[in-house]
Amino acid sequence: IALDRPDIRDFLVDSLNDPFVRARYGAASALSGRKEISATGALEDAAHRVVDGHFKAVAFRAAKNIRDGVKKPKEFQELRSRVDKIIEENRKLQDRLDKIEQKK
């Protein structure tokens with residue numbers, strides 16, 4: 001099917017940063033519908049960058065739906081959970097470091 005082409009995936013990932021809100025929502029929805037496992041990182045990055053709380057929820061939910069839709073071995077799920085915790089801790093530490101640097 002022509003819709004499975006990598007350039008379409010790349011277009012949708014690029015659209016997550018579109019200045020038009022509806023384009024971002026549509027891209028997140030399309031990536032979720034396509035079960036693009038390789039786009040989960042881009043969805044989460046977009047959710048952290050964008051200020052709009054509704055889009056954050058949609059992007060995080062889309063990434064979660066993609067992950068939940070893919071059957072994985074239990075060991076992989078545990079590993080993924082640990083990696084997610086490390087990523088979140090890293091983001092928090094980075095935010096704290098940025099605040100400390102701003103005070104200087």
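**Group meeting: a surface patch and some salt bridges**

Okay, let's start on the surface. Phe 76, Leu 79, Val 83 and Ile 87 make up a nonpolar patch there, and together they have about 320 Å² of accessible area. Keep in mind that this is a predicted model. One of those four, Ile 87, sits in helix α5, which covers residues 74–103. Ile 87 has a relative accessibility of 34%, so it counts as partly exposed.

Now for the charged side chains. How many salt bridges does the count come to? The count is seven. I'll walk you through a few of them.

Glu 36 pairs with Arg 9 in a salt bridge, and the closest N and O atoms are 4.0 Å apart. If you're wondering about that distance, the cut-off is within 4 Å. Where are the two partners? Arg 9 belongs to helix α1, residues 6–15, while Glu 36 is in the loop between α2 (21–34) and α3 (40–49), so this pair ties together parts that are 27 residues apart in sequence. And are they buried or exposed? Both Glu 36 and Arg 9 are buried.

Glu 36 also forms a salt bridge with Arg 34, and here the closest N and O atoms are 2.8 Å apart. Let me put numbers on the accessibility: Glu 36 has a relative accessible area of 14%, and that makes it buried, whereas Arg 34, at 24%, counts as partly exposed. If you step back, there's a network of salt bridges that links Arg 9, Asp 10, Arg 34 and Glu 36.

Lys 35 isn't a glycine, yet it has a positive phi of about 60°. Why point that out? Because most residues other than glycine have a negative phi. Lys 35 is in the loop between α2 and α3, and with 43% relative accessibility it counts as partly exposed.

Last one, and it takes us back to helix α5. Asp 45 and Arg 91 meet through their side chains in a salt bridge, at 3.3 Å from N to O. Asp 45 is in helix α3 and Arg 91 is in helix α5, so this pair ties together parts that are 46 residues apart in sequence. Both ends come out as partly exposed: Asp 45 has 37% relative accessibility, and Arg 91 has 25%.

That's my tour, so over to you for questions.

Note on methods
Residues numbered from 1 in each chain as written. Predicted model: local features only at pLDDT ≥ 70, side-chain atom pairs only at ≥ 80, totals over all residues. Heavy atoms only, no water. Patch = residues over 30% accessible without salt bridge, like charges linked within 9 Å, V, L, I, M, F, W, Y side chains within 5 Å. Areas by Shrake-Rupley, 256 points an atom, 1.4 Å probe, with all protein chains shown as cover. Helix = DSSP H or I, 4+ residues; strand = E, 2+ residues; numbered from the N terminus. Buried < 20%, exposed > 50% of the residue type's maximum accessible area, 1.4 Å probe, protein only.
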